[in-house]
Amino acid sequence: MRECGDSAKGGVLILDFSPIIEQGSLLLDGAVVTLRLAAVATLLGFVIGTLCAIGRNSSNRWLSGLCAGYVEAIRNTPFLVQIFLVFFGLSSVGITLSAFTVAIIALTINVGAYTGEIMRAGFNTVHAGQWEAAECLGLSRAQVYWHVVLRPAIERVYPSLTSQFILLMLASSITSQISVSELTGNANYIQGVSFRPMETFITIGVMYFVLALLMRFVFWLIAMAIFPRRRRLGTSI
């Protein structure tokens, strides 16, 4: 059996990517799972984060305090701890879910808190006169958010949202700790059977970089589609 140290002879590191290339389909499968995790958690996290931001701006002290407590609890604890709490917490009360589903739940809870703070910052950039004008027209609080506040707020914080969702995709690597077969999880298997950890993690480092660029491009396309002003100015995200 080849030792891990065989890739370094005479103090010179010798890289051999052929065992990694042979397992390329497994890495591609992991990349697909990573993108699925990121896509679902991004959508759900955006909804939860937006509702949380609205709740924090609510005049109801209990609702505002509850949303603030959620945000602070998530932002001040490691994601690894959060995913273990969800994984073992659900199983301890008799709820059995797949590792992928648990990963989605944990990622959504995590990114929802960060998205909530980003969206709250966006809401606070909307001029008070716009709120007052909408209320003078007889719009309810929900209608004000939907018709007057939400779109300009999203546009102003869109670069921050984009960065946060890309960080979410990168953080999905932690879900390998609960045996999710995403990119890092499959890479761990490959380096274990090939005894080529350097080559394996160099490869997935490049793949994560490509996935991040792909996500950034997709978010740029979305911005060009839903924000006409950005489309006219050609503003990047």
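A: Let's begin with contacts, meaning heavy atoms within 4.5 Å. Among contacts between residues at least 6 apart in sequence, 74% join residues at least 24 apart. Keep in mind that this is a predicted model, where local features need pLDDT of at least 70, side-chain atom pairs count only at pLDDT 80 or more, and totals for chains, interfaces and linings use all residues. Residues are numbered from 1 along each chain as its sequence is written, and side-chain values use heavy atoms, leaving out hydrogens and water.

Along the sequence the pattern reads β-β-α-α-α-α-α-α-α-α-α-α, which comes to ten helices and two strands. These are DSSP runs numbered from the N terminus: helices are H or I with at least four residues, strands are E with at least two.

Now for our close look: helix α2 (residues 24-56) and helix α3 (residues 61-75) have axes that come within 7 Å and cross at roughly 130 degrees. Axes here are lines fitted to C-alpha atoms, for helices over the stretch in contact, with angles from 0 to 180 degrees between N-to-C directions. That angle makes α2 oblique to α3, because angles under 35 degrees count as roughly parallel, over 145 as roughly antiparallel, 65 to 115 as roughly perpendicular and the rest as oblique.

Which residues make the contact? From α2 come Ile-48, Cys-52, Gly-55 and Arg-56, while α3 brings Leu-63, Ser-64, Cys-67, Ala-68, Tyr-70, Val-71 and Glu-72.
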